[in-house]
Amino acid sequence: MNHGPYDWGRPSDDTYGAYNHQIAAANNSQFPKMNTQQPIVTGTSVIAVKYQDGIVLAADNLGSYGSLARFSDIERLLPVGDSTIVGISGDISDLQQIERILDDLQVQDSYDMEKPNLKPEHVHEYLSRVFYNRRSKMDPLWNSTIVAGLSSTNELVLKYADLLGVTYSSPAIATGFGAHLAIPLLRRKVETEEDASKLTEEEAVELVRNCMKVLFYRDARSIDKYSLAVISQSRKKIDIHKGLRCEDMKWEFAKHIRGYGAPQL
Amino acid sequence: MSSIGTGYDLSNAIFSPDGRNFQVEYASKAVENAGTSIGIKCRDGVVLAVEKIQTSKLLVAGRNKRIQSIDRHIGVAYSGIIPDGRHFVNRGRDEAQSFKSLYKDPIKVPNLIDRVGLYVQNYTCANSVRPFGINAIVGGVDDDGAHLYMIEPSGVYWGYCGTAIGKGRQTAKAELEKLDLPNISVKDGVKEAARIIYLAHEDNKDKEFELEISWVSQSETGGRHEFIPQELFDAAVQYAQEEDDDEEEEDEDVEVQ
Amino acid sequence: MFRNNYDNDSVTYSPTGRLFQVEYALEAIKQGSATVGLVSKTHVVLVALKRNAEELGSYQKKIIEIDDHMGIALAGLAPDARVLSNYLRQQAMNSKMVFNRPLSITKAAFSIADKAQENTQQYGGRPYGVGLLVGGVDETGPHLFEFQPSGSVLEYHGAALGARSQAGRTLLERSLEEIKTASRQELIKLGLLALRDTLAQDKELTAANTSVSVVGIDEKFTLYDDEDVQQWLDLLDSTANSRNRDTHDAPEDDNDNTTAPDAGVDTEGDVPVQDAD
């Protein structure tokens, strides 16, 4: 990258050849309209797994600016009402936009000052419609999300929705890098609903915490500080534990990695 | 100068020769005989209460709520043409949401009342619309504390420590003036509100009514506008009925003397 | 035959703060044939008396399904009711698509109330000329609302609209406690009894002129018309108005009905006036 004021942020000429200034100077005749092409500040994986009495979710607190670990206090597990958690990965500014949309939704739901009736199945449907609507305008909100909670009939809801409007449900879900790294680990314990019904809360928390550690080992856009939410059917309650740390890590292997730490001569 | 027969009262947004807008004055008439609504500003919040006249035995008790929320921290009670009140509240909600989408913070109560004031005033300016047939009492809390306003069909609004509108407004105002406002707690405010509505109902005694009370306070509701809890409501009603009886006894005593 | 200078449009107040155009719109409801709604802890029932313009003509539909969990009954201008029912169906579909939940009955009723209010405050339109009973079941249980052209919406245990509906209301008020605890069948019977009380002298309930609908917790909205209604009419001892029968098996009825302001006014029976249904 060239660091001169006029070339800041552009690929270096040595490596990539001269920069084509038409790209930056592109006008409306070349691009009639251009919307979001990539996320800017990003949050990495959200992971979630069902257990016999509920759901455990986790997401770390990092906001990455490219490869730069820019913000270390981003909260990506959002409570919506008292029976829903939305875990969001992807663009952080879009996360903040979703946060506002969901806040407005809660205000609208409580206008009548009656019993709140915004349940996870409703939040998930709404969110997926917002995503699909935006992607159909070719102006997506750049996120993948997990919606978890207790439904109107106090049943467990664990569903996925992303920037394309794709949705699905599964007893173990992970977004982003976690879809590669955490899913196999989660499915080793919880492949089916039946497996989930055998897993205790302690085991589920242990499983998720282990996945967060593995993700911190292998995902360069992650941090060792994260939030973890426990949804419990019997207690009809959601607890969010903030500022948790990856524990019992071993980094001895790291000295064998080229490019890690101080330059090796 | 009288209004009827002059022709100056047949359309909205018309001045009479002596500078009055009769249609706005007529709109206020729609409010005067309606059920009483009151608002009390307290040390730590605001209490709203309405006397809900029950027009039929078949109405479902406890439903058909009349007090509404504009945002989490702002409540409204109104008297007059009820559907106009809903229109007013819907506009208030739009304003509050639009403020929040621009500035992220919840709208402050003086700003909200300023905006809805403009909106209501606009309905006095054109002959294609009619003025709102309500007086709305708007109360809420924000970073600057508790606020209480009442807005009229003309679009004018004033801040109050305590205010009342509807058929029993005179009785209610007289009672409000006896209170040490805004130095009482909202808990006391709730009891007084119940008592005052029961008293104001004396002006409308032939009709059944249902009492509705809401509050918004930093200390009691965490800054949210809510209906008061059932136990508190029952206690307030009991207090109101006892006071009511006492008053009658006092009246009788006077007669004996 | 202008009553005064203040009744030409809905944007002019009278000196006493009344809106005559809106009040006249409320009169349009009374031109329509009667409909009755009632709600128990488990069910909502709507019943209605249909009219036909001529002997060989079909009967005008009085009850419209909105969704699996909700329906409306109308009294007044039927075309206006269709506009409102279309709007309600849109709202119901939107709720399912956007929130994956059935439209709440309260929200449904207020959505048309707010729509109707606009027509009472702006020049250029007229208020709707129809009253509706909105009945349905949602997460909070069964509900019955009465909608009026003024934009007023109120929740009732039982309500009646249309010609001579006061007689029906009187029966509902008297049976209030029964209504609250009634079974599905008892509720339909009470509804038909109230509807029967609204009948004109020479009329009686028939399978052809009566509509019955039911919706309940765990029961989808069902509309009974024509031969399907007979099973419900069979619940009644007689299908003629008890006031007009010689048998004085229910003598207390007479006093109540004479107090009804519009009872017996429309002695011409079911001749439609201004196409109101």
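The second largest cavity of this predicted model has a volume of about 40 Å³, where a cavity is a set of points on a 1 Å grid over the protein atoms alone at which a 1.4 Å probe fits but cannot get out, and the volume is the space filled by probe spheres set on points joined across faces, edges and corners. Its lining, made of residues with an atom within 4 Å of a point, includes A:Asp60, A:Met212 and A:Phe216, and helix 7 (residues 201-218) of chain A gives the largest share, 3 residues; helices are DSSP runs (H or I, at least four residues) and strands likewise (E, at least two), numbered from the N terminus.

The structure holds 2 cavities of 30 Å³ or more. Nearest the centre of the largest cavity, which is lined by 14 residues, lie A:Asp112, A:Glu114, B:Lys65, C:Thr106 and C:Phe110.

| Cavity | Volume | Lining by class |
|---|---|---|
| Largest | about 210 Å³ | 5 nonpolar, 3 polar and 6 charged residues |

A:Leu68, in strand 5 (residues 68-71) of chain A, counts as partly exposed because its relative accessibility is 45%, between the limits for buried (under 20%) and exposed (over 50%).

Residues are numbered from 1 along each chain as its sequence is written, and chains are lettered from A in the order in which they are written. Local features need pLDDT of at least 70, side-chain atom pairs count only at pLDDT 80 or more, and totals for chains, interfaces and linings use all residues, while side-chain values use heavy atoms, with hydrogens and water left out.

Methods:
1 Å grid on protein atoms, 1.4 Å probe; cavity = no way out; pocket = protein on both sides within 12 Å on 5 of 7 lines; lining within 4 Å. Nonpolar A, V, L, I, M, F, W, Y, C, P; charged D, E, K, R; others polar. Buried < 20%, exposed > 50% of the residue type's maximum accessible area, 1.4 Å probe, protein only.
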